[in-house]
Amino acid sequence: MHESLTSFLRDASAGNPIIWALLIMVVVSITSLVLYGFWELVLRLTLYRLSSRKNPEEGTP
Amino acid sequence: MYFPNAEVLVNPALLLLLGLILGTLSGFFGVGGGFLITGGLLVFGVPAPFAVGTGLTLIMGSSIINTLKHRHLGNVDFKLGILMVSGTIPALFVAQWVIHELKIAGLAESTIRYAYVVVLAILGSFIIYDSWRSRLPNPETGVRETTSTAAFSRKVQQLRLTPDSLRIPIIGRVPLYVDLPVSNIQNICVLVPFSVGFLAGLFAGLLGAGGGTILMPILIYVVGIPTTVAIGTDLFQVILTGSMGTFLKAFSNEVDPMMVVLMLVAASMGSQLGTAATRFVEATRIRFLFGITVLSGCLAVGLEQVSNLGIGPGYLSGLATFLLLGVGGAICLLIAGLLVQAQLRKPVVSKN
């Protein structure tokens, strides 16, 4: 299985090296943006949780 | 875990740890960390071409995350970054030409390594000296300057190298002096950031890694930019150099995308710690720790060179990498400690 995966990747990169290079750049850039968004969301939720614990009246009607 | 493109088995926990260290240091110091990542991957048994290519790709991804994070904190001067980039691009081609000429003369490998050791030794020693000096008041004015070169930086900012504007057919008059409000600089000649970008690009191209390591001190000590803004703007620049390197390495199929994505997950976590710490840790302390990292990098490259010459014992090369990883890991722990300590004391430090 390992050999077939390696040969598939080798063929893909050797066939179209420019597309392969651009694909890697796009995948890494999108992963970075998603990870940035994920951590921003986690931090905001944590801060929201902490602030609502400090001021329990806030947010209630 | 098997990585099919690099054809190597590596423990994923080690890769995650390396990614975490890189993300933290990159977010805190504003440098790519090429010397650390390549050395680390080599120790884990990754073949050399894949260690360099995968490292560069990780640097690109980690710089994107860190730049976005620093932009959120108001630490990125995009105007300055774009001006520097216009100097970096031609410099990368000049560096390629210089390397080609050195290779013909048979001097490339050793000359570059010796230059790297000398530059890092001077930089690291100066940064540590300056962080100690800037804790004391200036003997003439009695005022504590942000850096020991503050007076020199003001002169650089006031340099009048060109006429006020340049007339270009069709476009019209183009101003040659710009304000950089994020960096607290008014009316600076565009040739200054262009030259700084050129110099950083030349070093990045010649030494393989180290563009950010050179750029950060130049921005702080020569141009006089606040430390946190220098960190954010430096990272913006690293995205460009990292992207160019990534494209070239991926083109030659020397990147393992699976390894990059795995390490990027950990690096994104580390970058939260590194960037958050820049808000709370004093600028002089950031610079001091950066100086220590640069000196350890210098020592590691020096040990590697001795090992290549075959003078010392055979374990010197491994020792060099373990020294880098050890210092990197210790500084990450220190950053976490400083962050906790600063959080307990609370007030956010000013940008200086």
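Helices (H or I, at least four residues) and strands (E, at least two) are DSSP runs, numbered from the N terminus. Chain A has 2 helices and 0 strands. This is a predicted model, in which local features need pLDDT of at least 70 and side-chain atom pairs count only at pLDDT 80 or more, while totals for chains, interfaces and linings use all residues. Residues are numbered from 1 along each chain as its sequence is written, and chains are lettered from A and ligands numbered from 1 in the order in which they are written.

A residue is buried if 20 or more other C-beta atoms, placed from the backbone, lie within 10 Å of its own, exposed if 12 or fewer, and partly exposed in between. Of the 61 residues of chain A, 11% count as buried.

**Where the chains meet**

Two residues are in contact if their C-beta atoms, placed from the backbone, lie within 7 Å. The contact between the chains takes 20 residues from chain A and 25 residues from chain B. On the side of chain A that touches chain B, two or more residues each come from α1 (2-15) and α2 (17-54) of chain A. The largest share, 14 residues, comes from α2(A). This side of chain A divides into 14 nonpolar, 6 polar and no charged residues. Here Ala, Val, Leu, Ile, Met, Phe, Trp, Tyr, Cys and Pro count as nonpolar, Asp, Glu, Lys and Arg as charged, and the others, Gly among them, as polar.

**Two helix pairs**

Axes are lines fitted to C-alpha atoms, for helices over the stretch in contact, and angles run from 0 to 180 degrees between N-to-C directions.

| Helix pair | Axes come within | Crossing angle |
|---|---|---|
| α2(A) and α10(B) (residues 257-280) | 10 Å | roughly 30° |
| α4(B) (residues 78-104) and α7(B) (residues 191-207) | 6 Å | roughly 40° |

Angles under 35 degrees count as roughly parallel, over 145 as roughly antiparallel, 65 to 115 as roughly perpendicular and the rest as oblique. The contact holds 11 nonpolar, 4 polar and no charged residues.

The helices α4(B) and α7(B) are oblique to each other. Their contact divides into 20 nonpolar, 8 polar and no charged residues.

**A loop residue in chain B**

Val46(B) lies in the loop between α2 (34-43) and α3 (48-72) of chain B. Val46(B) counts as buried because it has 24 C-beta neighbours inside 10 Å. Leaving aside neighbours within four places in sequence, Val46(B) is in contact with Ala6(B), Val8(B), Val10(B), Leu41(B), Ala51(B) and Thr54(B).
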